[in-house]
Each structure stands twice: as structure tokens, then as C-alpha cells.
Amino acid sequence: MSRVAPVLAVLLLAGLVYLFLGGESDPGYDDYGIDPLDEGTDGSPTLIEDDPEPMNGGDVPSTFIRDKPPSDGSKSEKHVLLRGRVVDERRRPVAEANVSVRIGKRSSGGATTDGSGRFEIKLGARHMMRAVVVAKTEDGRSGTAEVWTTIGATGLLRVPTIVLRPVANLTVRVVDADGSGVGQATCVLARRSAGAPVVLGTHGTAGSGQLSVGGLPHGQIEVFASAPGKGRGHVRLTLPVIGGETPQIVLDGERRIDVRVIEAATRRPVQGAEILVGDRLSMPVPDGPGYLPPVGAIRTNAAGRASVSGLGANDKIFLNARAKGFVLAPWWKQARAGVEPGVEEVEIVLHGFRTVRFPVDAFSPETPPDGTSLALELDAQAARIAGPDQSAWLESGMLMVQGLPESSARGTVRTNDGVYATFTAPARVIDAGAVVFKRARDVSVRLLRADGGIASGVRLSLHPTGVGQKPLTATTDGGGIATFNGVGGDAASVHRARDDSRTAGSMLAKLDLTEELDVFDVELRETTNIILRLTAQGEPRLPPQYGLVIGGRPVLPEDVLEDPAAGTLIAPFENVGPKRLLSVRLTPEGFLTVERKIEVEGGDVEHVLDLELKAAGELIARVSPPPDGQFSVVLEQRLGSGTWKHAPGGTGAGHQPFGGPTASTETRKFTGLDAGTYRVRDPRSGIASEVVTVTPGEKAPSVRLDLASVGWIEGKVVGPAGASLQGARVLVEGKDNAGQSWAGAPVKQDGTFRIRLGRNRTSTLYVTHPTLRAAQNGGRVRVRGSESSVTLRLERGGEARFRITTPKTEGPPGPGAASAGVRIRLFKGAVGPEPLRTIRPVKDGDGYRFGGFEPGVYTLVIETGNAHVPVVKKNVTLGDGTTDLGAIDPKKGTTLRVRLGRRDKATRLWVTAVRKDEPTYTRTGSSREPGGDAVCSGLGAGTYAVTVRSVGAIGGGAGVLFEQNVSVDGRAERVIEVSGR
């Protein structure tokens, strides 16, 4: 049997997640950018000179612009080659399928599959590309795959395998606030590709407000609707739509927003700036789909002003502006308009590009002369929003870099003869830190096989560490040597090269480039072929789609050799040692997830695993959203003990947040389910559906999750004078309608809180605190509906104090701060799986204190950190006064030391030990450096489920090296030897 090409990597698909819930999000980089098919804006925006007089001599301009920046020569044309294949639902190749690419609103390129179902499409390289690749056949089947490229990527980009299915039909009805149908409403159908909408088509509704569209691919689809004077609406569906209900899109009215755009340094208005508009549904992606009709053509007048109309009346609006010579603001800095209706005015501040000066370090080993033009490479974030005239040169002993955005930027400059320097420009500065010029070197790598022979014809990639260092590729020659020219930095890693220029293959070695070696010897890790023979009801069968994880590393289907007739998958797996326990996890569409563990040997060998595929069940959830559209849907399965957990293997809408105007009912389908009892739940409010039984092979049951009456309850927690409210939480007493406790809501420093509850039911709220307890009068409050001005009170009660003699556990400084390393589990009676409360005590002088308990007799389990055994104190009486628990002296217990039987400099270990006896706890440890021992302390006497993984080998992937129950005595060190490869 022929070997599979040893190409393996983890595909890193990126896309920002936008949770527009009213609060600020953590900064990230701008994920909107400019439409990849749009080469720029039409017209030239103008900075209006209110005061044409020059600035005073003491003023420092915020931006330096060089009139004629040095040119680095013309750039060669670059392209991206999309390569993929099209198969049917049994993964057999499909010939003569028509394939096209859709980016934003436009289609680009096209191809027809050959006899093996494969295709290639050549596109021009773009700054950023998100696309949906669509395949169709004349007999009415279609399929899609999503692709994404990093900034400036060129070369080969592999498209995930496209599975053809019968096309789906969509029927929706657009109505106004009164429920009447809206005729001639404009509807845009779109899909999400790496977070951005990709338009599938634009249609108009009939007089009744109904829209019917056929020939659509399966999967999730979004429909944006609008009508003049009526507003806009939105619905998210999964095709084919389950059940006979017709989803409705409710148009919520219109409003207008007045916008003013100014320049940051002078606050002068900017004429001709293009206004970009979005909301929490469509996001401010230039050219849409966004608001309907599009508002991307609106530009500011001579006063820097523009009006945007036709917007949703109750939407949270996000506005941005782009103008020539100015930076497109990152998404977290965009102007935002609230959800209040009426005319509003917002101001958008644009920053110009800057030229940053870097002094050259006096001790720089290599310093090019003044006037030298330098090649400039910026990191991905800066390159994305940098100015159109990027350049770098030396002037008066300074490195000048032009075209940088106001945000922080990093990069590398180079001369033609191999001298380079890396730089970092902090945000908004024009004078940055010194740079050091060094001479790059050529690095030669000799690739050797495990038996000492040379490995020729192997494509490698070298990844220099440091700012702006791009990967280099080379192929080993007849002597097994690959040479990489112009390598900068003091260290680099060598990988098996992938063929798509985006991600690296498995890492073979790390190189110390400070060593003056003519050739670095690197060992080629052999490929072990894992052969999966799949059957369903005794017949060979490949599923339509599948996920495959071997040794903790995802394997792309594009890297697997498939034989549909024989039902076999042949997957390559690198970096396998002489003996190793390997986990194989297959997630086949329509069947139950299968997981096996096998012991494999390294080298050029094959391991065969026979897997029987069993039909999986499905569940359909019909959700009535709350008025604000903020909800999540998670699938849960009931265990034999009656407790609930997230359903393993369930796919659908789990953990996926939604927001904004929604349809009257949203349908979600969960697949891949084992037989059992299930429900769906909204964790925000704690409301759950009814409970149903799923039986594979039978009709999928449906459940209803009614969140239409869910709303926010706002209130305030009041504590004793001088008491800090840090660590306080508001909880709901009792269980929800399916037996699940609520997580509650945190209390802010000012005492305010918000919690989600149903409007049509009565609940009791109470407050917890690390040292205070719920007041006898006002600590518990019964509420009904979305009440406001709810007040909960805390009072001082009994406290317990203790000291930790050894070790000293670090915690945040200052009195009243909760300790990060200490926590107490409080039990009534014997220790069990669920404590009454888990409390993080506060640091108080040389000890700790906690409260919030009712007087009684308790068992305490005191955790003092990952490296020590918890202390169990039984029959402790806690009263209204102060209880002194004395000194707590935690023991180190057994130390579990895991070492590699065969030293491997590229392998780091991560060990996890989970105690199987009560009290349960988990201890972890890792090797500090590749090849070193991993140490895990704090194991008391008992039995532990120990798992040892290798980490960092491929993109953070973790392979299981050891998995076994281990018993320890709580005193002596225990050593476990594992095979590193």
C-alpha cells in the first residue's frame, strides 16, 4: 500500500467573535478591513483647512510625511491558487462539477472538477480574503466550503473537501411590527465565512411578504430584510429548515444618525470620508450585506458631516469611516450609537499615518550608510492598516519608517546585502527606541533519517524567531541538505513544510543560530500510517464529513488518503516513538463519535484499526427568543445519577451567542447524539426545555425553549459600612425547571448587578460574599418579572480565621483581596461531590479569614495551591462569633515525576493527575524545558487517573503518551517513564 505524504498540521482558522452585549470588549485587531475585491475608495477625501496659517514653532506635528519616499522597485504579481476536491455523500469523487468562489458580494474565478473530483482556481493575492467556495452539478446538488488566508499570503491554499448534497429550499415571511406582511421588501441571503458575511443572493418579497428561494446549499444561512419606512430585521436559520413552520422576520422601524468626521491632531473636519455602518448582527463590513439598502456610498461634506438613514430603530449601531491618508479605526474604537430611538449625533476621529524615527544603537555591529533604502516587512496587524506609501530609509543616523498606523507596529528592515534590524513602534509615538543592525546568515540543514541515512527531496520550512521574520522554505538536495538564505535572529525552528504557505507542518528541531556550524543536523521523523477500516451495518462506508484527531492532533481530511469503495481512511502521523499509546478519535457525520486507544510503533509502518459506525440520534430545538435577542443554546444530557452535563459529541448551536432582532422562532438541530435523555438550556437565564428521549435511527424529537418572557433584573447590593463588595454574587434560590442550579451574576464594585430571569415567574434572589452573609432582613428578595431597583443586603456574621504555616501561598496584596491560591469547600456532614459553598478567603495580615455561612457543624476541605495536599477538617463548629481554626500545615504529599525514556529535545511534557477518591481534586505539572522531567506534587494517598501528553510539537497539539490509574501513598516520590516519540 502506498504511503501517504507525511504532511500534517493544525489548521488555524481565525475570525473575531463579536459579542455585542453592551460592554467594552478586549482590544484586538481590526477584522473588517477593506473589501478584498475593492482596490480603494472612489474620490479623494480632503482635510478642510479651517486655519491655513502654519502651526506655531512650539507645536509638533503628529505625522511626518516624506514627499518622495525611496522606491524599492516594482512588485511582482502575486496570486493565490485554490485547490480542492468535490465528493458525494459517500465521499466518492464527483466529476464535471462547476466550482466558483464568492468573496463578499462578488463571485470570482471558476473551474470544473476533473475525473478525480479535483479543481484549481487562481485568484489575485489580497490583503485579506474570506471566501465561500461553491460547487454545483446539473442534477441539482450543491455544496460549499469556507476558506481564509492570512494577510498577504500567496501560493497554494487548500480548500476543505466539498460534499455535494441535494439543494435546500428556503421560505420566510417579512412582517411589520403589527404582523402584517411587507411586500417588495429587499432580502439578502448570506453565510458566515470566518466571521464575515458572504452574500449568496438578493431577492424581493411578494405582496404577502413571503419569500421562497430554491437551490440553496445545506448549512447555516442568514437573511437580512429591509423596506423603506419599515426598518430592517434578521433571521438565522439552518437549511434544510426542520418542520412546517415559516420563519418570520419582523421589521422594527427606522431612524437616522448624524455623523461628524474629524482629524485627530487638529480636530479639523475631513471631507469625502466614506461612512461604514454596521450593527451587532451584520457588523461594519464595508459594502455589506450590512444595512439594507447599503450605506457604504455615503460621504462627508465640506463640514465633515453626513447623515445615515434607514437604520434599525432599536439596533446598537457601530460606525466607522475610511479616508485616503487616514487609518481605518480598529473595531473596538469605532463610534457607537445606543439603542435609544431618535436622531443621534456621533463623532468619528481619524488618525493619520506616521513616520517613526528609530536611533541606531551606537554598538550596532552593522550600520548601513545614510540614504540607504531598506526593504520593509511589517507584522500582520500593522501591514493590514498601514499607509499606502510604506517605506524605510536611513537618515542622519536614524532609521525612518513611513506609513505606520497610530496603533503599535512591529517589523523588520533589510538591505540588499543581508543586513537587517527589527523594530517596535509603540502606539502614537514618533520617536521610538534604538534599533540594532545585524548581518543575516545562510543556514544549512542536513536532514537525516532515523537509521542515519540522508533524506533527499523533502521540503522544509525554517521559522526564525523574532519580530517580522517570515518563514523560509527549501528542499533537501541529493546530500540531504537544504539551505535557507538571509536568516536573521538568534534562533529558528525547522518544520516539515506544508503546501499552502499558511501553516507549518510538524516541528523537527529548534536551532541555536549563535552556534557557528556549517551544517545543522536534523533528524527526520518517520511517518506512521494509521489505517481506519470503517463499516456500517457490515458494509464498508465512509461518512459524508468527519473530524479525525490522532494523538491529540487534528488531521485534515485533505491529508488523508480515502478509499470510498473499501471504506478506508489512511492518515499519516509523525513523531511516533518505538512504543506509544495513541488515541484515535473519529467524529463522523450521522454516526456516533468513535474513540480508541492503540499501542503503536514508530518508523515506516502501518497500524490497522477496525471501526464499526453506529447511527447517531438527532434533536431539534425550537427557540422563542427574548425581546433583546440575547441568548445561548446549550445541549445537555442527563446522567444516571440525575445530574446534567454538556452533551458529548452534540453539534449545533451549543455555546453560540446570538443578539439583536430575531425571528419569532429559531430552529436548531443537534446531531451526533447517543441514545439518552436530553434537554436544551439557556445558561444566561437558567431556563431549560422539556426533557426528551433520543433514540438513534428514529425520528428526531423536538423540544421548545420559550425565552420570549426573559428579561433583565437590575438591582444593587448594600453591605455594612466600610465593607468591600469584591467577590459578591447574586444567585437564584432553588433549581430551574429541569433541576439545574443557576450560576448567578457578579456584583460590581459599586454594588450594582444584572441577572436574567423570566418575566412570568416568581423567583428568590440572594447574595453571597467571602466574608459577609445575606442579611436576615433583605438578604433574600422575591421578585417577579423584570423588576428594577431590587436591593439585596449583606451583614456581618460569623467569621473563621486560619494561618498557613508552610508553604507561603501568594495572593493579591492588600487586606480584603481574595486569595488566588486558597479556597475552602464547605460540606454539611461527609465530603461529597457537591459542596454547599466554595469560598475564596481573603488575606488578612499573616492569615486568612472567611464568612458567609450559617451557624452549624461543617466539614472543611482547605486547598492551599496546586503543589500541596488539601487539608480536611471534620466536625468544625462555626458560629456567630470568630472561630480560630489555628495553623494549617499542608503537606507536599507524593511527587509524581515523569521523565522521557528517550531524551527528545523537541518534546515537552504535561501531566495531569485527577484524584478518584473523595475529596476529589486535580494536580498538574509540566517540564520546564524540552526533554526535561515533568513534576506534579500535592498528591495525597489514593488513586489518580494520570495522563501524560506531549505539548508544543505541532501548533500546540497534545499527544497522549501515558494514560493509566496510579496509586500513591502520599509520601514517597513516584517516577513514571514514558516514550517521547
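These are my notebook entries on a few local features of this predicted model.

**Ground rules.** I number residues from 1 along each chain as its sequence is written, and my side-chain values use heavy atoms, with hydrogens and water left out. Because the model is predicted, local features need pLDDT of at least 70 and side-chain atom pairs count only at pLDDT 80 or more, while totals for chains, interfaces and linings use all residues.

**Aromatic rings.** I looked up ring pairs and found 5 aromatic pairs. Rings of Phe, Tyr and Trp (its six-membered ring) pair if their centres lie within 6.5 Å; planes under 30 degrees apart are stacked, over 60 edge-to-face, the rest tilted. Phe-358 and Phe-423 make a tilted pair, 5.1 Å centre to centre with 50° between the planes. Phe-358 belongs to strand β25 (residues 354–359) and Phe-423 to strand β30 (residues 419–425), so this pair ties together parts 65 residues apart in sequence. Strands here are DSSP runs (E, at least two residues), numbered from the N terminus.

Next I checked burial: buried means under 20% relative accessible area, exposed over 50%, partly exposed in between (1.4 Å probe, protein chains only). Phe-358 is buried at 0%. Phe-423 is buried too, at 2%. I also noted one aromatic cluster of Phe-802, Tyr-848, Phe-850 and Phe-853.

**Charges over rings.** I count a charge over a ring if NZ of Lys or CZ of Arg is within 6 Å of the ring centre and within 35 degrees of the ring normal. The charged end of Arg-780 sits over Tyr-766, 4.9 Å from the ring centre. Lys-828 lies over the face of Tyr-858, at 4.7 Å.

**Strand β33.** I then turned to β33 (residues 459–464), where 5 of 6 residues are buried. Two strands pair if DSSP finds at least two bridges between them. β33 pairs antiparallel with β34 (residues 472–475) over 4 bridges. Arg-459 has Thr-475 as its bridge partner in β34. β33 also runs antiparallel to β36 (residues 491–496), joined by 5 bridges. There, Leu-460 is partnered with Arg-496.

Most residues other than glycine have a negative phi, and most peptide bonds are trans. I found a cis peptide bond between Glu-918 and Pro-919, with omega about -5°. Pro-919 lies in the loop between β72 (908–915) and β73 (922–926).

Glu-96 has a positive phi, near 65°. I placed Glu-96 in the loop between β2 (79–87) and β3 (98–103), exposed at 59%. Gln-184 has a positive phi near 60°. Gln-184 lies in the loop between β11 (168–175) and β12 (186–193) and is exposed at 63%.
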